[in-house]
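Let's take a walk through the interfaces here, and then look at a few aromatic rings.

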Number of protein chains: 4
Amino acid sequence: MSTPLLNLTPLQAQLRAFAQARGWEPHHTPRNLLLALVGEVGELAEILQWRSDAGLATLAQDDPAEWVHLGEELADVQIYLARLADVLGVDMAAAVADKLAKNARKYPEPQA
Amino acid sequence: MSTPLLNLTPLQAQLRAFAQARGWEPHHTPRNLLLALVGEVGELAEILQWRSDAGLATLAQDDPAEWVHLGEELADVQIYLARLADVLGVDMAAAVADKLAKNARKYPEPQA
Amino acid sequence: MSTPLLNLTPLQAQLRAFAQARGWEPHHTPRNLLLALVGEVGELAEILQWRSDAGLATLAQDDPAEWVHLGEELADVQIYLARLADVLGVDMAAAVADKLAKNARKYPEPQA
Amino acid sequence: MSTPLLNLTPLQAQLRAFAQARGWEPHHTPRNLLLALVGEVGELAEILQWRSDAGLATLAQDDPAEWVHLGEELADVQIYLARLADVLGVDMAAAVADKLAKNARKYPEPQA
């Protein structure tokens, strides 16, 4: 069987169990989760705001602690995105596949 | 072998090939991709801004076209997030696993 | 009398009257307005995402229509920010003056 | 003489002098400032993410420190927006007036 292009289900199941065990489900509404996602995107922006793309390319060596921080913020965006899609009931594997197919029609590969 | 919690590699490989085939790689810098992600989060916010959580719960039935649109915007955020992490060289599977472990330490499960 | 540093009151009064005349006040809750602000910041990001700072410096001459569009998106962010502060009841003149004073203490002017 | 609807010039002049005195001007490029604005919008979202509109209406009494924090984040968004418009060379008074006129044409006042 081929590897699917994207499978968020295991992550979503773990996030759901984590929220349930802590009684957080009433707080995990779509709008709350979207605002939380916006907060995490803001933290990601704070890491990139005064850095050049060249500086980012050597961040792991130049500032290992900030490199870990960068990974955490990317992870937070991924976590809230997966949770938001789960709460909304959107099938992300299908949505991403559909969007990629649409992009391929919109931007056809240039012919040699 | 157990299913990994998250595997963005197949999606990232496809996005990289898509960008390469169209000569887009020079434009896919971290800061450009972050701004593109912010743009997609903004489009997601536009869908939710005047809707209540209750209205979102019945969106698929009430407005099927907007429901498709919602899936597209969630997909776009996922696509740019995966691409951004790939260009930065961040291992998202590890970053998400580390962040979940950190969250579990920060918010221990309440004891019965 | 000296010019105040910032006076959003006339704009806020006009936005409030505009919303009242159209029956929009029930929709202008803080969270709705913040999501609307996020949407406008996203549109601003879409204008800047593939452009360099150098390209932005000559945008007015190079692409007059996009220059007008840029002004509109900046205006939209200002409009939702003013409206959000008004609905929350935050005195923006005082908040900005306080923040500037705090910044001046945090980042003292270097001595010659 | 009538009060103008919006005048960001005094704030922009002060922000420009503050940046000049600290040698920050090379860092205050449009894209850096937009990412900084996104960071501040994220901090604003973090304040609102788990609060209801009803809870926000009594925040000043319920949590005076968080109320001050809310004002600071709104101020930060205003500061970066004013600075971004200044660096881009966009006349915000004109841009806001034009956008309000456009909104008035798009959403005419309902007739009694």
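How much area do chain A and chain C bury between them, and what share of it is on carbon and sulfur atoms? This is a predicted model, and in it the two chains bury about 530 Å² between them, with 62% of that on carbon and sulfur atoms.

**Chain A against chain C**

In terms of contacts, 5 residues of chain A meet 5 residues of chain C. On the chain A side, A:Arg31, A:Leu35 and A:Val38 supply 82% of the area buried against chain C, more than any other three residues. The chain A residues that touch chain C come out as 3 nonpolar, 1 polar and 1 charged. Looking for salt bridges across this interface turns up 0, while 2 residue pairs are in polar contact, both partners at pLDDT 80 or more.

How does chain A lie relative to chain C?

**Chain C against chain D**

Now for the other pairing, where 57 residues of chain C are in contact with 56 residues of chain D. The area buried between chain C and chain D is about 4,800 Å², and carbon and sulfur atoms give 73% of it. On chain C, the three residues that supply more of this area than any other three are C:Leu5, C:Arg31 and C:Leu74, and their share is 12%.

Here are the two interfaces side by side:

| Interface | Buried area | On carbon and sulfur | Salt bridges | Residue pairs in polar contact |
|---|---|---|---|---|
| chain A and chain C | about 530 Å² | 62% | 0 salt bridges | 2 residue pairs |
| chain C and chain D | about 4,800 Å² | 73% | 4 salt bridges | 19 residue pairs |

Among the 4 salt bridges between chain C and chain D is one you can pick out by eye: the side chains of C:Lys102 and D:Glu72 meet at 2.7 Å, N to O.

**The aromatic rings**

Over all chains, the count comes to 8 aromatic pairs. One of them is A:Phe18 with A:Trp24, an edge-to-face pair at 5.6 Å centre to centre and 65° between the planes. Chain C has a pair like this as well: the rings of C:Phe18 and C:Trp24 have centres 5.6 Å apart and planes at 65°, so this pair is edge-to-face.

Are these residues buried or exposed? A:Phe18 is buried, at 17% relative accessible area, whereas A:Trp24 counts as partly exposed at 25%. Over in chain C, C:Phe18 counts as buried because its relative accessibility is 19%, under the 20% cut-off. C:Trp24 is partly exposed, with a relative accessible area of 25%.

Finally, follow the chain A pair across to chain B: A:Phe18, A:Trp24 and B:Tyr107 form one aromatic cluster.

Definitions and conventions
Residues numbered from 1 in each chain as written. Chains lettered and ligands numbered in written order. Predicted model: local features only at pLDDT ≥ 70, side-chain atom pairs only at ≥ 80, totals over all residues. Heavy atoms only, no water. Contact = heavy atoms within 4.5 Å. Buried area = accessible area lost by both parts, 1.4 Å probe. Polar contact = N/O pair within 3.5 Å; in protein donor to acceptor, adjacent residues only side chain to side chain. Nonpolar A, V, L, I, M, F, W, Y, C, P; charged D, E, K, R; others polar. Phe/Tyr/Trp six-rings, centres within 6.5 Å; stacked < 30°, edge-to-face > 60°. Buried < 20%, exposed > 50% of the residue type's maximum accessible area, 1.4 Å probe, protein only.
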